[in-house]
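Open your viewer, load the model and keep the selection tool at hand. Let's take a walk through this protein, stop by stop.

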Amino acid sequence: MAKQVSLMSKFNKELFKNSVLYNVKTLYRKTMDEATPQQIFQAVSYAIKDAIVDHWLNSQREYEEQDPKMVYYMSMEFLMGRALGNNIINLQAYKPVQEALEELGVDINMVEDQEPDAALGNGGLGRLAACFLDSLATLGYPAYGCGIRYRYGMFKQEIRDGFQVEVPDNWLVDGNPFELRRPEYTKEVKFGGYVSVKMDENGRNVFSQEGYLSVMAVPFDLPIVGYGNGIVNTLRIWDAEAVNCFQLDSFDKGDYHKAVEQENLARNIVEVLYPNDNHYAGKELRLKQQYFFISASVQEAVAKYMRTHDDIRKFHEKVTFQLNDTHPTVAVAELMRILMDEHYLTWDEAWEVTTKTCAYTNHTIMAEALEKWPIELFSRLLPRIYQIVEEINRRFILEIERRYPGDHEKVRKMAIVYDGQVKMAHLAIAAGYSVNGVARLHTEILKNQELKDFYEMMPEKFNNKTNGITQRRFLLHGNPLLADWVTAHVGSDWITDLPMINKLKVYADDEKAQQEFMNIKYQNKVRLANYILEHNGIEVDPRSIFDVQVKRLHEYKRQLLNILHVMYLYNEIKEHPEMDFYPRTFIFGAKAAAGYRTAKLTIKLINAVADVINNDASINGKLKVVFIENYRVSNAELIFAAADVSEQISTASKEASGTGNMKFMLNGALTLGTMDGANVEIVEEVGEENAFIFGLSSDEVINYENHGGYNPMEVFNNDPDICKVLMQLVNGTYSNDTELFRSLYNSLLNTQETDVADRYFILKDFKSYAEAQKRVEAAYRDEKGWAKSAILNVACSGKFTSDRTIQQYVDEIWHLDKVVIPEKRAAQTLKEVTVSNRKMK
């Protein structure tokens with residue numbers, strides 16, 4: 001095996017500084033003193049990019065020479081966060097770059113803060129994809145991430161009068177210094193029209209799409225830098241451009257709409273992530289987006305393979321597609337189309353290749369989240385793809401009928417096309433060679449509940465891959481004080497081998513280590529308190545308990561339970577001002593989907609409660625509530641580092657995994673949660689005595705859902721504390737408009753508002769949650785005991801690295817070949833780039 005070297009062992013500060021100065025001069029015609037912070041960020045980024053490009057080229061050359069199998073990780077979203085700091089860390093150059101910038105009179109934190117978060121994702125699905133790309137590169141496995149270059153992301157969240165307001169996230173306004181436009185790999189993607197069938201000279205039917213509208217998919221490549229190994233993989237995000245930008249003849253004839261029709265089609269496809277699909281046009285746009293990036297990615301994957309191979313029938317030996325949830329499932333039919341229509345394979349030959357290429361990750365237990373498309377929309381927008389899906393469905397139904405003769409219920413439950421809908425999860429399972437869940441509990445629920453029929457028919461496809469996170473982003477970069485402390489105590493191996501952090505266990509009872517740990521936590525809480533003061537105008541006490549819930553806002557994640565409990569605590573303090581109460585700061589951060597009324601109203605409730613509590617001088621600051629606007633990766637790093645309590649309170653059986661729970665654990669927060677998702681495995685690792693578990697089990701929840709027996713009105717009538725809290729939703733305590741929160745009240749008690757009252761068992765779990773919160777307070781008062789538990793949480797986090805998850809994907813699903821860059825190539829560093837290339841004097 002080739003020897004690996006430290007990439008920045010020969011880092012030359014003087015050349016790096018000259019490169020930055022040169023970039024400022026040539027890009028902006030300025031000196032460092034004259035340059036704006038944004039211009040300095042751009043100059044530094046281009047200097048770092050020069051080093052990355054050398055490694056990028058080396059990696060691609062090595063891939064070409066070694067011809068390894070490669071994974072294409074296909075995802076609607078990649079929540080990457082800021083690139084500059086992460087790239088410098090993975091180049092092992094953070095401290096020398098920091099010193100070089102200081103010598104130029106520049107603070108590296110100021111430079112990093114100029115970079116907007118890349119608006120390519122929103123929630124855990126996208127952040128997981130980003131972690132996976134980091135781990136793939138660090139472990140040395142060839143990979144492409146494939147997605148869309150959204151112009152405005154999902155949205156930038158602003159809070160106005162307590163309400164969420166969605167505004168465009170114009171993250172590209174100053175350009176992205178790390179991206180490379182690759183027009184030579186442009187692909188045409190076709191929508192609509194009809195399919196014509198002709199017979200060729202061999203008597204074979206040839207299908208072609210006619211009368212279509214099309215857009216050009218233009219790739220932009222972003223480097224994914226492996227930690228310290230010379231590997232740079234690629235995130236390829238596709239932008240859309242019109243085939244003909246402007247049709248002058250149509251304009252001259254007065255048909256102004258037709259003149260820009262293609263341009264509008266292209267622009268709409270890439271403007272936003274997850275357009276509101278509460279209406280038909282939104283559904284159509286979502287399907288266009290999915291097919292757009294999948295068609296372009298699959299076309300290029302096949303073309304790339306054929307540039308160096310001559311037998312398309314062996315495609316699966318060198319390529320695998322991982323479908324990150326149901327959004328990319330159309331890749332199944334698109335690969336079939338290309339193999340049959342462009343490479344003239346028979347159906348059976350194409351199916352053989354496809355079913356050995358595509359693998360599917362399920363990310364949800366919620367049946368309503370498994371995508372289904374109306375046949376009318378799907379067949380009109382993607383006529384050839386629909387023909388292929390229809391034939392896959394016909395053959396799959398025959399297979400079901402052979403296995404279960406006369407069982408029409410099986411067909412109804414498992415068919416891909418049924419009841420006027422195309423069911424994408426069913427397509428992914430039927431065609432995929434692997435189907436995995438993302439936490440052990442989640443996978444068992446899939447096998448025994450949601451996908452039971454598929455599991456019974458094809459159990460060999462199903463497996464579990466518990467999610468993970470990259471410690472390089474969420475500890476090494478996000479919490480440098482703790483990272484340095486960990487390294488000082490157990491060495492630096494944890495950076496690429498997180499289970500080595502287990503060596504910290506011996507320090508859990510060490511009083512000096514406990515004091516050091518708690519001091520670091522305090523400094524991180526001060527850092528977050530300053531951020532909150534700057535952005536929210538709220539003073540919070542860093543000596544209070546920082547109780548944090550940050551994640552996508554959905555009813556099953558139960559932010560409503562959290563804020564109802566805050567209202568309960570406030571009532572207790574008001575009624576018993578003499579009570580001994582340890583000060584608490586409750587911190588929320590969440591985006592709600594633009595069309596999700598209940599979620600958006602929950603945000604308003606949190607802010608309404610915060611306005612009342614934070615302005616009540618009579619409680620002497622015992623309680624504070626903060627809603628952090630526009631939650632994203634960059635402020636998440638501050639939050640995870642500062643949290644004492646990690647709120648993971650989803651209704652048991654509803655959360656597939658969660659990864660925020662792992663990030664909090666890695667940073668020394670204690671989990672307050674249900675036995676749901678990856679919480680189960682976190683508790684197994686750290687011990688239940690170092691977490692606060694409450695609420696119904698998943699079995700109990702499923703039993704209530706299947707057999708009834710829960711009436712929230714009984715809880716309301718028999719518990720005066722809960723009754724008081726719920727009445728405050730509608731009696732003007734938190735709004736002059738007594739009807740403002742009526743729908744939240746009704747969702748808990750009134751089946752006229754929803755088909756099931758309190759669908760997520762908020763009232764059922766309320767008392768158990770309140771009791772767990774009392775245990776939190778009691779535990780926090782014991783500073784040594786708390787410090788011990790916090791250190792143990794860090795020490796036991798080793799399982800939850802995405803490096804482990806990816807290695808399991810490689811070993812059990814993908815079977816990739818690891819690539820090592822030889823020393824002669826890996827040793828090329830910043831020393832050899834930028835300045836000489838530009839002939840600087």
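**Before you start**

This is a predicted model, in which local features need pLDDT of at least 70 and side-chain atom pairs count only at pLDDT 80 or more, while totals for chains, interfaces and linings use all residues. Residues are numbered from 1 along each chain as its sequence is written, and side-chain values use heavy atoms, with hydrogens and water left out.

**Stop 1: the whole protein**

Show the cartoon. The secondary structure comes to 35 helices and 23 strands; helices (H or I, at least four residues) and strands (E, at least two) are DSSP runs, numbered from the N terminus. Now switch to the C-alpha trace, which spans about 90 × 80 × 60 Å along its principal axes.

The radius of gyration of the protein is 28 Å, which agrees with the value near 28 Å for a compact globule of 841 residues. Here the radius of gyration is taken over C-alpha atoms, and the globule rule is 2.2 Å times the number of residues to the power 0.38.

Colour by accessibility next: 61% of the 841 residues are buried. Buried means under 20% relative accessible area, exposed over 50%, and partly exposed in between (1.4 Å probe, protein chains only). Among the contacts with a separation of 6 or more, 78% are between residues 24 or more positions apart; contact means heavy atoms within 4.5 Å.

**Stop 2: the largest cavity**

A search of the whole structure finds five cavities of 30 Å³ or more. A cavity is a set of points, on a 1 Å grid over the protein atoms alone, where a 1.4 Å probe fits but cannot get out, and lining residues have an atom within 4 Å of a point. Grid points are joined across faces, edges and corners, and a volume is the space filled by probe spheres set on the points.

The largest cavity has a volume of about 360 Å³. Strand 9 provides the largest share, four residues.

Colour the lining by type and you get 13 nonpolar, seven polar and five charged residues. In this grouping, Ala, Val, Leu, Ile, Met, Phe, Trp, Tyr, Cys and Pro count as nonpolar, Asp, Glu, Lys and Arg as charged, and the others, Gly among them, as polar.

**Stop 3: salt bridges**

The structure has 61 salt bridges, each a side-chain nitrogen of Lys or Arg within 4 Å of a carboxyl oxygen of Asp or Glu.

Select K187 and E300, whose closest N and O atoms are 3.0 Å apart. K187 is in strand 6 (residues 187–191) and E300 in helix 10 (residues 280–308), so look for two distant parts of the chain, 113 residues apart. K187 is buried at 14% relative accessible area, and E300 is buried too, at 4%.

Move on to K465 and E812, with closest N and O atoms 2.8 Å apart. K465 lies in the loop between strand 17 (462–464) and helix 20 (471–477) and E812 in helix 34 (residues 802–814), so this bridge ties together parts that are 347 residues apart in sequence. K465 is buried at 0% relative accessibility, whereas E812 is partly exposed at 49%.

To see a network, select R182, E184, K187, D221, R236, E300 and R307, which are joined by salt bridges that share partners.

**Stop 4: two loops with a positive phi**

Most residues other than glycine have a negative phi. Select D161, which is not a glycine and yet has a positive phi of about 55°. D161 sits in the loop between strand 3 (156–160) and strand 4 (163–167), and is exposed at 65% relative accessibility.

F761, also not a glycine, has a positive phi of about 60°. Is F761 buried or exposed? Zoom into the loop between helix 31 (742–749) and helix 32 (762–781): F761 is buried, with a relative accessible area of 5%.

**Stop 5: a buried threonine**

Finish at T354 in helix 13 (residues 347–354), which is buried at 0% relative accessibility. Leaving out residues up to four places away in sequence, T354 touches V332, L335, M336, L339 and A431.

Key: 1 Å grid on protein atoms, 1.4 Å probe; cavity = no way out; pocket = protein on both sides within 12 Å on 5 of 7 lines; lining within 4 Å.
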